[in-house]
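Keep the structure open beside you as you read.

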Amino acid sequence: MSDMADETEARLNAHRRLFVSLLTIIAGDPKFHQALESLVRDNETVSDQEEDPGVEPSRAFAIQGLANDEIRAILKDALARVLAEKRKR
């Protein structure tokens, strides 16, 4: 991997860690916790028959799906941290 790719990966990892930490703080408040749980369930990806991507979905659909997966993963990590912190108490 090139130095530029390594640097980009490191920065993306740092952003992800920061997002999880901030969302963990937010999710500690019950009114926001429920809102974050609903975000995990929401899906921005176009569903069946809403769009016809053809035989092979375009790169845009694939990228959108990956982005949605990452958003859900970040939210799930934050919600899991909140539950873990509550169990420690």
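Find Leu79 and look at what surrounds it in this predicted model. Setting aside neighbours within four places in sequence, Leu79 is in contact with Ala27, His33, Leu36, Glu37 and Val40; contact here means heavy atoms within 4.5 Å. Now move to His33, which sits in helix H2. His33 touches Ala27, Leu79 and Val82, again not counting residues up to four places away in sequence. His33 is buried, with a relative accessible area of 11%. The cut-offs are these: buried means under 20% relative accessible area, exposed means over 50%, and partly exposed lies in between, using a 1.4 Å probe and protein chains only.

Leu79 also belongs to the largest nonpolar core, which has 10 residues, among them Val20, Leu23, Ala27, Leu36 and Val82. Such a core is a set of buried Ala, Val, Leu, Ile, Met, Phe, Trp, Tyr and Cys residues joined through side-chain atoms within 4.5 Å. Helices H1 (3-27), H2 (30-41) and H3 (59-88) each supply at least two residues of this core, and H3 gives the largest share, five residues. In soluble globular proteins, nonpolar side chains tend to be buried together.

Step back to the whole chain: it has three helices and zero strands. These are DSSP runs numbered from the N terminus, with helices being H or I of at least four residues and strands being E of at least two. In H1, the buried residues are Val20, Leu23, Thr24 and Ala27, and their cover includes H2 and H3.

Next, look for charged partners. The structure holds four salt bridges, each a side-chain nitrogen of Lys or Arg within 4 Å of a carboxyl oxygen of Asp or Glu. Glu7 pairs with Arg11, their closest N and O atoms 3.1 Å apart. Why are Glu7 and Arg11 separated by about one helical turn? Because they are four residues apart in helix H1. An α-helix has 3.6 residues a turn, so residues three or four places apart point the same way.

Arg16 and Glu70 also form a salt bridge, with closest N and O atoms 2.6 Å apart. This pair links distant parts of the chain, Arg16 in H1 and Glu70 in H3, 54 residues apart. Arg16 is partly exposed at 24% relative accessibility, and Glu70 is partly exposed at 34%.

Residues are numbered from 1 along each chain as its sequence is written. Local features need pLDDT of at least 70, side-chain atom pairs count only at pLDDT 80 or more, totals for chains, interfaces and linings use all residues, and side-chain values use heavy atoms, leaving out hydrogens and water.
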